[in-house]
Amino acid sequence: MDEKLVDLETRYSYQEDLLQKLNETVIAQQKQLDEQSRQLKYLHDQLLELRESASSAEPGPADEKPPHY
C-alpha cells in the first residue's frame, strides 16, 4: 500500500511540474502573439498611410509613361 502511495505521489509531482512548464510555454507564446499582433497593426497603419499619401500626391516622373508608349 505504501509503495502505491509513493508511486502516486511521484506521478503527481511529475505531472505538476509538467503542467507548470506547459503553462510557462503558453504564457511565452501569448506574449509573442501579442507582440506580433502589435507589429502587424503598426505595419498595417504604415501601409495605409503610404497608400493615402500616394493617392493624394501628384504623379511624379516614375508614374508617367515614357514617350514611346
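Visitor: How many helices and strands does the chain have?

Guide: The chain has one helix and zero strands. Keep in mind that this is a predicted model. The helix is α1, and it covers residues 2–56.

Visitor: What share of the residues is buried?

Guide: Buried residues make up 0% of the 69 residues in the chain. Buried here means under 20% relative accessible area.

Visitor: What is the accessible surface of the chain, and what part belongs to carbon and sulfur atoms?

Guide: The accessible surface comes to about 7,200 Å². Carbon and sulfur atoms account for 57% of that area.

Visitor: Now the charged side chains. How many salt bridges are there?

Guide: The general idea is that side chains of opposite charge can pair when their charged atoms come close. The cut-off for a salt bridge is a side-chain nitrogen of Lys or Arg within 4 Å of a carboxyl oxygen of Asp or Glu. By this rule the count is four salt bridges.

Visitor: Which residue does D17 meet in a salt bridge?

Guide: The partner of D17 is K21, with 3.4 Å from N to O. D17 and K21 lie four residues apart in helix α1, so about one helical turn separates them.

Visitor: Which residue forms a salt bridge with R38?

Guide: R38 pairs with E35, and their closest N and O atoms are 2.6 Å apart. The spacing along helix α1 is three residues, which means that about one helical turn lies between R38 and E35. E35 counts as partly exposed, with 33% relative accessibility.

Visitor: What is the N to O distance between D45 and K41?

Guide: The side chains of D45 and K41 meet in a salt bridge at 3.1 Å, N to O. These two residues are four residues apart in helix α1, and so are separated by about one helical turn.

Visitor: How exposed are D45 and K41?

Guide: D45 is partly exposed, with a relative accessible area of 30%. K41 counts as exposed because its relative accessibility is 51%, and the cut-off for exposed is over 50%.

Key. Residues are numbered from 1 along each chain as its sequence is written. This is a predicted model: local features need pLDDT of at least 70, side-chain atom pairs count only at pLDDT 80 or more; totals for chains, interfaces and linings use all residues. Side-chain values use heavy atoms; hydrogens and water are left out. Buried means under 20% relative accessible area, exposed over 50%, partly exposed in between (1.4 Å probe, protein chains only). Accessible areas come from the Shrake-Rupley method with a 1.4 Å probe; for residues, only the protein chains shown count as cover.
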